[in-house]
Structures are given as C-alpha cells and as structure tokens.
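Q: Walk me through this one, please. I'd like to hear what backs up each label you use.

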Amino acid sequence: MMPDPACRLRSRALIRLPRTINSWGTSAFADTFKIEVQEIDAIKLPLQQAMTQSSYMMDCGINVVLLNASEAENMLHIKAGIFYSGVTAGSCCADDPSPLDSQSEYCELQFDINTATAETIVSLL
C-alpha cells in the first residue's frame, strides 16, 4: 500500500536542481542528478527522520541511486535511494574511550522538480 502523499515528510528547505532539469532526456541525466543531489547540504534533506539503525546523521556525504524518473504536467518526478551514515549517541562521559561507531543508513526520497523554475520538493517515502 502506498503512503498517502499528503502524509509524506517533506523538506522545507529551498532546493533547486537546474542542471538536472537541463539534462533531462540526455545520456548525462542520471549522473547529473546524482552529482547535483550529492552537492545539497544533507541537512536540507529529510535523512534524520529516516534513520533506523542509528540516531544522529553524520555529515560525511551521501551516495545517490536513481531508481525511477518520469515527467508529467511541468514536473519531473524522480525516486532515488540514498545511502548515508549515522551514529548512535549514548550517555558516555567525556573521558569514556568508547569510539563512535558509524552505521549505514538507507532511505528512498521523491524529488518533485518544477521544470520551469527547478524548485524541488523532497519527500521521504
């Protein structure tokens, strides 16, 4: 069962993906989209809310996998898998030698891009 689109968690940050729009329909589209998304400050994406293995997102980059793309009514709809890392923060004391152990995280995001303005709504699926 698909989640109700009105119930999806959406990013409130202004995101624009103009190079993705310009490359639509070309052989460079997938790579352009991946690069442009990887350049977004990860805090602007709803990654923290998608965590299942850890509790805090690490700011050490993301990897993007294009899953599906289509165009309809002046919008480009892209579904992507996002791989990133997180850590579980505990109640360690300042002198606790326990190392922070990173955990792999994965989520799927929907990028709805206005083809005229490149303004992008990002939703957690």
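A: Helices (H or I, at least four residues) and strands (E, at least two) are DSSP runs, numbered from the N terminus. On that basis the elements run β-β-α-α-β-β-β-β-β from the N terminus on, giving 2 helices and 7 strands. This is a predicted model, where local features need pLDDT of at least 70 and side-chain atom pairs count only at pLDDT 80 or more, while totals for chains, interfaces and linings use all residues. Residues are numbered from 1 along each chain as its sequence is written, and side-chain values use heavy atoms, with hydrogens and water left out.

Q: What is the confidence like over the chain, and what about residues 1–8?
A: pLDDT is the predictor's confidence in each residue, from 0 to 100. The chain's mean is 86, and 81% of the residues reach 70 or more. Residues 1–8 have pLDDT below 50, and beyond near neighbours in sequence that stretch has 6 contacts in the model.

Q: What makes Arg 19 and Glu 36 a salt bridge?
A: The rule asks for a side-chain nitrogen of Lys or Arg within 4 Å of a carboxyl oxygen of Asp or Glu. The closest N and O atoms of Glu 36 and Arg 19 are 3.4 Å apart, so the pair passes. Glu 36 lies in helix 2 (residues 29–38) and Arg 19 in helix 1 (residues 18–23), so the bridge ties together parts that are 17 residues apart in sequence.

Q: What makes strand 5 and strand 6 a pair?
A: Two strands pair if DSSP finds at least two bridges between them. Strand 5 (residues 75–87) and strand 6 (residues 102–114) are joined by 13 bridges and run antiparallel, so they qualify. Leu 76 has Ile 113 in strand 6 as its bridge partner.

Q: Which strand pairs with strand 6 over 5 bridges?
A: That's strand 7 (residues 119–124), again in the antiparallel sense. Leu 109 stands opposite Leu 124 in strand 7. The hairpin of strand 6 and strand 7 has 4 residues between the strands, and there Ala 118 takes a positive phi near 70°.

Q: Is Ser 85 buried or exposed, and which residues does it touch?
A: Ser 85, in strand 5, is buried, because its relative accessible area is 19%. Contact means heavy atoms within 4.5 Å. Not counting residues up to four places away in sequence, Ser 85 touches Met 51, Met 57, Met 58, Cys 60, Ser 102 and Gln 103.

Q: Where is Trp 24, and what is it in contact with?
A: Trp 24 is in the loop between helix 1 and helix 2, and at 32% it counts as partly exposed. Leaving aside neighbours within four places in sequence, its contacts are Phe 29, Ala 69, Ser 70, Glu 71 and Leu 76. Trp 24 and Leu 76 are 52 residues apart along the chain, yet their C-alpha atoms are separated by 8.7 Å.

Q: Which residues make the nonpolar surface patch?
A: Val 65, Leu 67, Phe 83 and Tyr 106 make it, over about 330 Å². Patches are made of residues with over 30% relative accessible area and no salt bridge; like charges are joined within 9 Å, nonpolar side chains (Val, Leu, Ile, Met, Phe, Trp, Tyr) within 5 Å. Accessible areas come from the Shrake-Rupley method with a 1.4 Å probe, and for residues only the protein chains shown count as cover.

Definitions and conventions
Buried < 20%, exposed > 50% of the residue type's maximum accessible area, 1.4 Å probe, protein only.
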